Amino acid sequence: MKEMICIVCPKGCHIKVDENGVISGYTCKRGLEYAQNELTCPKRNISTTVKLISKKLTRLPVTTNGDVPKEKIFEIMELLNNVVVKAPVNLYDIIVKNVLGTNIDIIATRTIKE
Ligand code: SF4
């Protein structure tokens with residue numbers, strides 16, 4: 001028996017997968033999809049900061065515009081450690097396109113004018 005907590009919404013349903021692969025404990029379709037993805041290809045969103053050259057701030061908050069494979073998170077974080085952005089930056093500007101071939105972009109989550 002494998003157990004997991006659904007992280008799709010704050011309800012946090014306790015999902016179980018038995019020896020035959022039967023999934024139970026979810027209370028909506030999104031929970032079932034989450035459990036199926038966790039069993040095959042777990043994915044996560046990344047929110048972090050990258051180095052910023054601007055007059056006032058030194059870090060720019062960024063996020064992925066979708067979920068990336070969990071196994072690539074460490075590699076993506078290493079890549080982002082070497083990213084330097086120069087202001088001005090607009091909210092949702094693409095900072096890294098198609099990061100590590102995932103078809104997901106790293107985007108800015110804040111506007112920095114100068
Ligand atoms: S199964 Fe549905 S209701 Fe339960 S935590 Fe997941 S998304 Fe929320």
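**Before you start.** The model is predicted: local features need pLDDT of at least 70, side-chain atom pairs count only at pLDDT 80 or more, and totals for chains, interfaces and linings use all residues. Residue numbers run from 1 along each chain as its sequence is written.

**Select the whole protein chain.** Colour by secondary structure. The chain has 2 helices and 10 strands. These are DSSP runs numbered from the N terminus: helices are H or I with at least four residues, strands are E with at least two. The order along the sequence is β-β-β-α-β-β-β-β-α-β-β-β.

Now show the C-alpha trace. Along its principal axes it spans about 55 × 25 × 20 Å. The radius of gyration is 18 Å, whereas a compact globule of 114 residues would have one near 13 Å. That radius is taken over C-alpha atoms, and the globule rule is 2.2 Å times the number of residues to the power 0.38.

Of the 114 residues, 15% count as buried. Buried takes 20 or more other C-beta atoms within 10 Å of the residue's own; exposed takes 12 or fewer; partly exposed lies in between, with C-beta atoms placed from the backbone.

**Select residues 29-40.** This is helix 1, with 12 residues. The expected span is 1.5 Å times one less than the number of residues.

Pick out Gly31, Tyr34 and Ala35, the buried residues of helix 1. Seen down the helix axis, they fall within an arc of 95 degrees, so they line one face. The arc is that of the directions from the axis to the C-beta atoms.

**Select the ligand.** Its surrounding residues include Cys6, Cys9, Cys13 and Cys28, along with Gly31 and Tyr34 of the list. A residue is near if its C-beta atom, placed from the backbone, lies within 6 Å. The shell divides into 7 nonpolar, 3 polar and 2 charged residues. Nonpolar covers Ala, Val, Leu, Ile, Met, Phe, Trp, Tyr, Cys and Pro; charged covers Asp, Glu, Lys and Arg; the others, Gly among them, are polar.

**Select Pro10.** Pro10 sits in the loop between strand 1 and strand 2. With 5 C-beta neighbours inside 10 Å, Pro10 counts as exposed. Finish with a distance to Ile53: 36 Å, C-alpha to C-alpha, at 43 residues apart in sequence.
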